[in-house]
Amino acid sequence: MIKADNISKSFEGIPILNKISTVFEKGKTNLIIGQSGSGKTVFLKCLLGLLETDSGKILFENNPLKKMNTKERSVLRQEMGMVFQGSALFDSMTVEENIMFPMQMFTKKNDAEIREQANVVIKRVNLINANNKLPDEISGGMKKRVAIARAIVMNPKYLFCDEPNSGLDPKTAILIDNLIQEITDEYNITTVINTHDMNSVMEIGEKIIFLLEGKKAWEGNKDEIFNTDNEAVTNFVYSSNLFKKVREVYLKK
Amino acid sequence: MIQSVFGKFTKWKILKQLILKDVDTLIIGSMGIVSFISFFVGGVVSIQTALNLENPLLPKNLIGFATRQSVILEFAPTFISIIMAGKVGSYITSSIGTMRVTEQIDALEIMGINTYNYLIFPKIVSLSLYPLVICVSMFLGVFGGYIACVYGGFSTSADFIEGVQMDFVPFHVGYAFIKTIFFAFALATIPSYHGYYMTGGALDVGKASTVSFVWTSVVIILLNYLITQLLLT
């Protein structure tokens with residue numbers, strides 16, 4: 001469980017996040033949505049500890065991030081998995097080496113054990129015949145799978161995903177969304193996803209936080225988002241005719 | 001940054017691989033161009049000296065002497081380092097810069113890795129072998145001078161060798177290697193800094209490489225002046 005308590009962040013006096021409080025629950029896919037520039041990425045970076053908040057607290061299982069020393073932060077980071085928007089795979093390493101890397105860095109297992117565990121995860125994310133390929137030689141969807149595999153190989157407590165299905169075709173995007181949700185359930189981890197993909201909202205939004213100009217404007221789940229009368233949310237989520245019609249059908253039912 | 005480089009250390013097994021990879025790329029990978037440039041510039045220095053010795057009273061062994069002094073004191077340590085600032089420096093900046101823009105450094109940080117140590121320390125260690133490159137450059141520079149001078153008909157082999165051995169001060173070689181060690185540190189750290197702290201996209205990687213080359217060259221030239229002032233005056 002991750003708790004954000006009244007967090008604010010500004011850059012050069014310009015407020016980016018304004019007193020945001022929320023709880024990201026364990027075993028759930030928690031989505032942060034909002035327009036570009038609403039503060040989603042800054043919020044995610046604050047949660048990851050890559051940016052320090054100006055005020056407020058971020059608590060991991062009730063342990064405040066700010067009070068953790070370097071060693072405690074290092075331990076916490078080993079409990080985190082992150083899937084980046086551009087996958088951020090190490091381009092000098094093969095797919096298998098990318099996935100083995102965190103284990104080589106932080107476990108005392110031998111190479112055979114590490115390889116075996118990496119291959120279990122590779123199988124789990126349905127990567128076929130890609131072990132010895134370089135990131136440049138695989139498709140965008142496969143890169144995301146490798147990034148997910150690398151993020152979960154250390155059995156993390158927390159999984160963070162920044163726009164996990166951006167740049168993917170709709171079918172692959174849904175497959176990646178479903179994979180993230182399955183992994184969240186299977187490993188019982190706290191997953192936080194930063195997205196503005198409405199398909200993801202409808203498919204896997206077990207908890208959704210809507211940010212508007214750095215403030216939390218709405219909080220709910222994928223069912224509640226159909227019924228909400230919050231104008232900011234409806235303007236954002238149902239901006240396309242397709243989703244307007246989806247909502248109409250849902251509400252008629 | 002330097003303090004963090006020597007902070008929390010990466011696992012030795014991984015670090016060893018990174019160091020060997022950097023030795024291969026930065027040191028062994030530079031031998032070809034350094035050898036080529038040293039041999040031919042040594043030759044040109046020797047020819048230029050020979051052509052400027054118009055007075056028949058001046059002994060021909062001065063060609064070997066001047067070539068040795070030019071190559072050992074300045075050409076090999078300083079000018080090869082400027083060339084290396086272009087070759088090795090821009091490689092370091094662009095490789096670290098690309099990792100920055102593609103979020104690979106963020107990925108390492110989130111894993112709890114000391115990215116300064118992981119990325120920069122192996123480069124400092126591998127460039128500690130840089131004096132070997134300069135050693136090769138010194139030898140090939142003088143050898144190139146010998147070939148150009150003797151086979152170009154400017155002096156005899158005996159005269160050139162006599163000149164190379166004439167008034168030899170061993171400390172001059174020591175001075176050249178002391179300079180080289182400082183230059184190696186500049187070659188590893190300045191480009192790493194520009195790569196690590198760059199912001200923007202692919203175009204900015206190119207800009208950062210250029211800026212890094214300029215600053216590394218400036219620092220090498222200033223260090224050269226300071227060390228020469230301290231050690232030779």
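**Asking how we know: chains A and B**

Trainee: In strand 7 of chain A, A:Phe160 is the bridge partner of A:Met82. What makes strand 6 and strand 7 of chain A count as paired?

Mentor: Before that, some ground rules. This is a predicted model, where local features need pLDDT of at least 70, side-chain atom pairs count only at pLDDT 80 or more, and totals for chains, interfaces and linings use all residues. Residues are numbered from 1 along each chain as its sequence is written, with chains lettered from A and ligands numbered from 1 in the order in which they are written.

Now the pairing: two strands pair if DSSP finds at least two bridges between them. Strand 6 (residues 80-83) and strand 7 of chain A have four, in the parallel sense, so they qualify.

Trainee: And how do you know that strand 7 and strand 8 of chain A pair?

Mentor: They share five bridges, again in the parallel sense. One of these links A:Tyr158 to A:Thr190 in strand 8 of chain A. Helices (H or I, at least four residues) and strands (E, at least two) are DSSP runs, numbered from the N terminus.

Trainee: Why is strand 7 of chain A called largely enclosed?

Mentor: Because five of the five residues of strand 7 (residues 158-162) of chain A are buried. Buried means 20 or more other C-beta atoms within 10 Å of the residue's own, exposed means 12 or fewer, and partly exposed lies in between, with C-beta atoms placed from the backbone. A:Tyr158, A:Phe160 and A:Asp162 point one way, A:Leu159 and A:Cys161 the other, and all are buried.

Trainee: What makes strand 2 and strand 5 of chain A edge strands?

Mentor: Start with their open sheet, which has four strands in the order 2-1-4-5, with antiparallel pairing. Strand 2 (14-24) and strand 5 (63-64) of chain A each have a single partner strand, so one side of each lacks a neighbour in the sheet. For strand 5 of chain A, the antiparallel pairing with strand 4 (residues 55-60) rests on two bridges. There A:Phe60 has A:Asn63 as its bridge partner.

Trainee: How do you know that the length of helix 4 of chain A agrees with what it should span?

Mentor: The expected span is 1.5 Å times one less than the number of residues. Helix 4 (residues 111-124) of chain A has 14 residues, so it should span 20 Å, and its end C-alpha atoms are 20 Å apart.

Trainee: Which residues of helix 4 of chain A are buried?

Mentor: A:Ala118, A:Val121 and A:Ile122. Seen down the axis, the buried residues fall within an arc of 105 degrees, so they line one face of helix 4 of chain A. That arc is taken from the directions from the helix axis to the C-beta atoms. On the other side, A:Ala112, A:Glu113, A:Glu116, A:Val120 and A:Lys123 are exposed. After helix 4 of chain A comes A:Asn126, with a positive phi, near 60 degrees.

Trainee: What about chain B: how many helices and strands does its secondary structure have?

Mentor: Nine helices and zero strands. Of its 233 residues, 43% count as buried. The C-alpha atoms of chain B fill a box of roughly 70 × 35 × 30 Å along the principal axes.
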